[in-house]
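Hello,

Here is the structure we discussed handing over. My notes on it follow below.

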Amino acid sequence: MTILIPVLGDQLTHQLASLRDVDRSGAVVLMMEVAEETTYVRHHKRKIALILSAMRHFARELEEDGWTVDYVRLDDPGNKGSFTGEVMRAIDLHRPTSIRIVEPGEWRVKTAIDGWAGQCQIPIDVLPDDRFICGILKFQTWAQARNELTMEFFYRDMRRKTGLLMKVDGKPEGGQWNLDKENRVPPKRGLNYPEPMHFAPDETTEEVMHLVANRFGGHFGRLENFGLPVTAAQAKSALAHFIQTALPDFGTYQDAMVTGQDWLYHSWLSPALNLGLLTPIEVAQAAASAYATGAVPLNAAEDFIRQIIGWREYVRGYYWLEMPEVADANALGATRPLPEFYWTGETDMLCMAEAVRNTRDNAYAHHIQRLMVLGNFAMLAGVRPQEVADWFLVVYADAYEWVELPNVIGMSQHADGGRLATKPYAGGGAYINRMSDHCGRCRYDVKLKTGPDACPFNALYWDFLARHERRFRRNRRMMQMYANWDRMDPAVRDSYRASAAAFLDTLEPAAKGWAR
Ligand SMILES: Cc1cc2nc3c(=O)[nH]c(=O)nc-3n(C[C@H](O)[C@H](O)[C@H](O)COP(=O)(O)OP(=O)(O)OC[C@H]3O[C@@H](n4cnc5c(N)ncnc54)[C@H](O)[C@@H]3O)c2cc1C
Ligand code: SF4
C-alpha cells in the first residue's frame, strides 16, 4: 500500500494535515515545479525564485526527516508541465493505492484536482487546510447568518476562538476590541526604520535564481539582492527580528509612507506566511507573547494580530464564498486599460513612482501603497478590475489568488459592488499628503485641484464621485462628500471633470504581454 501525497508550492508546512499520522515507509511525497504554475501569469522574477527555492529546501528537509520525496524540477525532461500531468505520471511510476492532499488555496488548482478522479481509479482524500484558523465551511456558516460581511465582527469571533489578547472574563485585553484610533499616525521626521532581516542566497537559491534569470528573464521585476526567508527556520528568525525591532511601532505608523523607505514598521512576513513557512497562529501568538512580556504596546499587538487572524482569514473565507463569479466582477463598469507606468514606474506622480519602484525592486509594497496609491489610482481612473487584479497577482512575492483577488476586486476596486467594503477606498491627494512625505517632493501641487500642475488625484477623485453618483449618493458613509460636491459652483464642478478628462487622455495603455 502506497499513499501518494502531493504537496503544493504554498503548502510548505511540516505539520501539514496530509503529512500528519502517516506511515512514512508507505508514502511518497510528490512535489512539482510545473510550467503552468510559473506562467499562468508572468510572475515577478523574485516571486518565482522564492517559491522554487522554498520548495527545494522543504523537499530536502522532508527527506532528512525520513520521507520519500519525488521532486519534479521545472527542467526535468519528462516534466508534463501541469499538476494533473505530473500526478498522473507519478501514479504510473509509484502505483499508489490512494492520494492524500490538502485542499488547495486557489480555485484554478481546485478545478484541476476535482478532475483527477475522472482520470485515475484510486481514492482521493482532500483534507481541509487547518493551517487557517477559520475553515472554509465555518466561514460560509458565519456569512450565511449575516446580511453584511463585517470584518470587525468576524475578527472578534477569531479573538474569542484563539483566546489571543483575551482576558479570563471573556473581555478583550484593554477593554476594547480594536485600537485603531490610536494608530495610523503620519510619519514624523527623524524616525528610525528597521530593515527586515536579509538572508543571503545559499547554493539552492543561487541555482534557482540562475534558472529564473535564464527562463523568465523577460518577466517584470528585479532579482538582484534577493534576501527573503526560504526555510521555516529563517522565517522564524525573521518573525523574531520583526517582533523585536518593528512591532512596537507597527500600529502607530501603519499607514505612513516615506520616500525611499520601503518597509517602515511592516513585517514583510506575508511571503513566508503564504508559503506555509510560518503559520498564522504562531505569528499571532508571537505578537501576543511580546505584549504579555511588556515588549510591545497593546495598540501594536492588537493591530498586527487583527491583520493576521482578522483580515487574512476573512479574505480567504470571502474568496471561497464568492468564487468563481467574483473574479469577473466589475460593478463600476470600469473599462480603461491599465496604464503603462504600472510596469515602468515612469510617471511624474511621485507617490505612484515610489510604489512601483518598491514593487519592481522588492516584489513588495506595503498595504497603504497598495490600497490608497496603486489601487486608489486605478479605481479613480476607471481601470478594468481584471487588469488591475492581473497586475497585483504578477508583481508581489506574497500574491496568491485567494488573498490577492478579494483585496483587489473587493477592497481596492469596489468591483464587487460593496460586498467586502461598504464604501470605496477612494481618496484625493490630501490623504496621501497627510500620510506621506511624497507631495512636497512631487512635480504636481497637491493643493491645486485643476490644471496641468494640479495633483491628478484631486480632480480624479471628484470625477469618480460624479461618475458614480447614482450608486454612492445614498451611501451613509459618503453623504458628506456629496454634500460638499453639491455646494460647489457648477463651473467648478465642470472644471474638475474637465481636468480629470484631460489627465486621463494622457495615460498610455500598458503594452500587451506584461501580465499574461
Ligand atoms: C490591492 C491589494 C492587494 C493585496 N494583495 C495581497 C496579496 O497578494 N497577498 C497578500 O498576502 N496580501 C495582499 N494584500 C494585503 C496586504 O497589503 C499585504 O498582506 C501586506 O502588505 C504584506 O506586507 P507585510 O507582511 O509587511 O504586512 P504587515 O503590514 O506587516 O501585516 C501583517 C500581516 O497581516 C496580513 N494582512 C494584512 N492585511 C491583509 C489583508 N488585507 N489581506 C490579507 N492579509 C493581510 C498579512 O499576512 C501580513 O503579512 C493586498 C492588499 C491590497 C490593498
Ligand atoms: S502631489 Fe499628488 S501625485 Fe504627487 S505625490 Fe502627492 S498625491 Fe501623489
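Aromatic residues and ligand shells

One aromatic cluster is made up of F220, F341, Y342, W343, F377, W391, F392, Y396, F457, F503 and W514. Please keep in mind that this is a predicted model.

The structure holds 32 aromatic pairs. One of them is F377 with F457, which is edge-to-face, at 5.7 Å centre to centre and 70° between the planes. F377 lies in helix α15 and F457 in helix α19 (residues 456–467), so this pair ties together parts that are 80 residues apart in sequence. F377 is buried at 0% relative accessibility, and F457 is buried at 1%.

W462 and Y496 form a stacked pair, with 6.4 Å between centres and 25° between planes. W462 belongs to helix α19 and Y496 to helix α22 (residues 490–505), 34 residues apart. W462 is buried, with a relative accessible area of 11%; for Y496, also buried, the value is 9%.

Two arginines sit over ring faces: R108 over Y40, at 3.7 Å from the ring centre, and R316 over F132, at 3.9 Å.

Ligand 1 has 29 residues around it, of which H266, S267, W268, N274 and Y364 come nearest. An oxygen atom of ligand 1 lies 2.7 Å from a polar side-chain atom of S267, and a nitrogen atom of ligand 1 is 3.5 Å from an N or O atom in the side chain of R370. Taken alone, ligand 1 exposes 810 Å², and the protein buries 99% of that. The shell has 16 nonpolar, nine polar and four charged residues.

Around ligand 2 are M349, C351, G429, I432, H438, C439, C442, Y444, V446 and C455. By class, eight are nonpolar, two polar and none charged.

Regards

Note on methods: Residues numbered from 1 in each chain as written. Chains lettered and ligands numbered in written order. Heavy atoms only, no water. Near = heavy atom within 4 Å. Polar contact = N/O pair within 3.5 Å; in protein donor to acceptor, adjacent residues only side chain to side chain. Areas by Shrake-Rupley, 256 points an atom, 1.4 Å probe, with all protein chains shown as cover. Nonpolar A, V, L, I, M, F, W, Y, C, P; charged D, E, K, R; others polar. Phe/Tyr/Trp six-rings, centres within 6.5 Å; stacked < 30°, edge-to-face > 60°. Helix = DSSP H or I, 4+ residues; strand = E, 2+ residues; numbered from the N terminus. Buried < 20%, exposed > 50% of the residue type's maximum accessible area, 1.4 Å probe, protein only. Lys NZ or Arg CZ within 6 Å of the ring centre and 35° of its normal.
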